[in-house]
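Subject: Structure handover

Dear colleague,

I am passing on a structure for you to look at, and my notes follow below it.

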Amino acid sequence: MSKVACPYCYHRIDLGKLRFQCTGRASPGRDRCKRAIDEDRQRLTGFGSAALPTFPPPESRNPIAARTAPCPDCGTSTGIRACPVCRTPLPANFADSRSPLIGMVGGKNAGKTVYTTVLAHELRNNIRRRFAADIWFAGDQQGGIGSVSDWLADYEQALFGDSRLFETTASAADGIKVPLVLQWRQPKRSFGREVHNTTTLSFYDAAGEDMTTQEFVNAQAYLTSADGLIVLLDPFQLKGSLDRISVPEASRRDTEPPINVLTRITELLRSSQGVSARRKITTPIAVVFSKFDAFFPMLGDDHPLLKAPSPGAKYDEAHGKDTDEHLRALLTDLDADDIDTHLRSHYKKYRYFAVSSLGAEPDYDRNRVDPRGVRPFRVDEPLLWLLGLFKVVERSAS
């Protein structure tokens, strides 16, 4: 049977063994199933609310084709499928899709929480309009008090409403934190007719502090299951940055070089995927230098890195290659070309990106966004590049 990664617990699962979840209704003369806390689900995904029970699929020659099944306890028929590992209800038609799983990780103070918040906001607003895509939260894990929906709403209000930054993400207990899962449904032309393909996107906001130990990195199933990775690096920690840009005081202490974060990720991917020393890692990674607004004054208004890609419902491949080349040159200029040496030695496909989630330098002392508000700068490009590789979105000619 085909195996794909669960977007909630990130374990590879057999589509033929997807469980069913009871609907909560009952057949005549039978009692309804009751909600209860699933301790395994809580341990694996962070979801601690009471949920309806799940049960294995019925015996069948083709269990993937089984669309519904009766609950063995209450008798009601259900078509809700669930992960056999974490027992989280999966998005509709998950068994029919072959969605790429995009992982996201970054070092401490890389700005990953701000980036995740702004990217999710852009996906549900500007990006969906640009691609004529329907983008929404997926799964019951997204709703309820204390859910990821509440988390995202609070962060969006802080950034876009109150113009303030928020505190550093607290370390996730045992490495578990509820992921942000969205679905992207977009029309395409195929053999002269319009079809709709649905892609599941799953982002996990692990605290940067957690990336400082090899033990924790090794526990991150979502990294090893990812079809593509977005890796956020703190440009303030590049060797030559202190001499060229204004680095906030908080970023001068309790941090580590980006090369250290990359090295640990590389070791994890090599060991978990069984990649020999003679071969390169095939997982494509988008290497993102966040908070790039700090470099705007140094580069000047006419620098190619500050030019926006062409509009339209495609990833601008030519502009992406140009950005990659200029960032590689900037690394050399900042005496940080060890990053490129490492990536070139270990990865078959990678690309550099420069983003600013806020669009202008904030007041780090007061934790305030620029008075002109949040103006995202190229935050969509890492994701669109990966989605272009997986043929979810189109790419312009290089």
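Strand β13 (residues 285-289) has five of its five residues buried, so this strand is largely enclosed by the rest of the structure; buried here means under 20% relative accessible area, with a 1.4 Å probe and protein chains only, whereas exposed means over 50% and partly exposed lies in between, and strands are DSSP runs of E with at least two residues, while helices are runs of H or I with at least four, numbered from the N terminus. This is a predicted model, in which local features need pLDDT of at least 70 and side-chain atom pairs count only at pLDDT 80 or more, while totals for chains, interfaces and linings use all residues. Residues are numbered from 1 along each chain as its sequence is written, and side-chain values use heavy atoms, with hydrogens and water left out.

From β13, I285, V287 and F289 point one way and A286 and V288 the other, and all are buried. Strand β12 (residues 228-233) runs parallel to β13 and is joined to it by five bridges (strands pair if DSSP finds at least two bridges between them), with V288 as the bridge partner of L232. Five bridges also join β13 to strand β15 (residues 350-354), again parallel, and there V287 stands opposite Y352.

Elsewhere, three strands form an open antiparallel sheet in the order β4-β3-β7, whose edge strands, β4 (54-55) and β7 (81-82), each pair on one side only. Strand β3 (residues 19-21) pairs with β4 over two bridges, and T54 is the bridge partner of Q21.

Best regards
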